[in-house]
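Hi,

Here is the structure I promised to pass on.

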Amino acid sequence: MDLSIVKVPVELQAASPIERGPAVGKNIISYDNKKPPTLPDALGVYTIMPSTNTADAPHPLATPAIAAELHAGLQAPGAAISPKFLYDALGSKLFEAICELPEYYPTRIEAAIMERHGADIARAVGPGATLIDLGAGNCAKAAALFPLLHPAQYVALDISADFLRDAIDRLRQRFAHIEMTGLGLDFSQQLELPGVVRPEKRLFFYPGSSIGNFTPTEARAFLARLRAQCDTDGGLLIGIDLVKETAILDAAYDDDLGVTAAFNLNLLRHVNRLVGADFQVPQWRHLGFFNEAESRIEMHLEAREALTVTWHGGSRRFAAGERIHTENSYKYRQPAIAGLLEQSGFQAVKLWTDPQQWFALVYARALPA
Ligand SMILES: C[S@@+](CC[C@H](N)C(=O)[O-])C[C@H]1O[C@@H](n2cnc3c(N)ncnc32)[C@H](O)[C@@H]1O
């Protein structure tokens, strides 16, 4: 086992956001199969070697900024918690299970598009990219691309750091010849990539329609931040979910087995751990439905009864039926996609879709700054 754990750059090293006080730190946990063990270097990058266990590494979410974000969301008139909190280790496993559900079409259809148009995708993108997987999860989609794209380096980013490391461990068994780096980070807080990431031919891979978690305005800002992280030889391969029949959308986010409900409810346990909250899961119910006026799926947690939740630094009374908004997933119409990309500094080069036009995979090149 030669995986190293690189923490870059860690300005604060206290055990928890609560103990750490008000200063804001950036935490990245990096798993790098090429970087040798080193002492702290000039960039503030240092390696802990060897390790197969991240239990004592600070969680990328264990920061005062995250505690403040959760506090603000819980105190807001319409309570809201970012979907990034759906993904602790169990949440990532539940998402994998969701991808197996007949109702959850996005994963299946995106994979089918990649399989059917693989050669064309490879032609458009070209070999030797620095493939940067945003929210890599189990890295399965990137693995399917490796034989097509022959990347020079694979860089997987995910907030669910332990889950990501296990995925990269497995991937390295299959693709030992590819240089791989895993970064456990919250890319909504930090997108500047550390020096281990090659600057040449950066291809941001953002599958799974995760861009839909942002409002269109936020999506443009996020994509523009990606554009700022690459040169004019950079690009973007992005999966975007398309508007379709409401019943199909509703079922995809509220399945018969209740797996999506478990995924949503698990967020409460994650928040309990992060900020010492006392959410009781049985007091909450999952809601997932398409809001046609906003062109987005909404997921909420609804209080089944009047209750009070407390956490470090705050508390709130919820009336029966009151909700916490936990996810949006915006659905796009095909003609809007080119504009979204162009306004973010990318030019759509090619769009692939399925015969029913339920999902789009788009390759876009960085526009000159
Ligand atoms: C919908 S899943 C997609 C997983 C995989 N890319 C796929 O397409 O099947 C979203 C992934 O993004 C990660 N994620 C969500 N918010 C994130 C954030 N702010 N920073 C880093 N990763 C994030 C989650 O942990 C999860 O693995």
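For the helix packing, axes are lines fitted to C-alpha atoms, for helices over the stretch in contact, and angles run from 0 to 180 degrees between N-to-C directions. Helices (H or I, at least four residues) and strands (E, at least two) are DSSP runs, numbered from the N terminus. Bear in mind that this is a predicted model: local features need pLDDT of at least 70, side-chain atom pairs count only at pLDDT 80 or more, and totals for chains, interfaces and linings use all residues. Residues are numbered from 1 along each chain as its sequence is written.

H3 packs against helix H10 (residues 259–275) at about 170°, the axes being 9 Å apart. That makes the two roughly antiparallel (the label for angles over 145 degrees). On the H3 side the contact (C-beta atoms, placed from the backbone, within 7 Å) includes Leu 90, Leu 94 and Phe 95, and on the H10 side Val 259, Phe 263 and His 270 are among the residues involved.

H10 also lies across E9, E10 and E13, at about 120° to E9. Those three strands form an open antiparallel sheet in the order E9-E10-E13, where strands pair if DSSP finds at least two bridges between them. Its edges are E9 (284–291) and E13 (323–330). Eight bridges join E9 to E10 (residues 296–303), and Phe 290 sits opposite Ile 297 in E10.

As for the ligand, 19 residues surround it, with Tyr 87, Gly 135, Gly 137, Ile 159 and Gly 208 the closest (near means a C-beta atom, placed from the backbone, within 6 Å). Helix H3 (89–99) and strand E5 (153–158) each give at least two residues to that shell.

Cheers

Definitions and conventions. Parallel < 35°, antiparallel > 145°, perpendicular 65-115°, else oblique. Contact = placed C-beta atoms within 7 Å.
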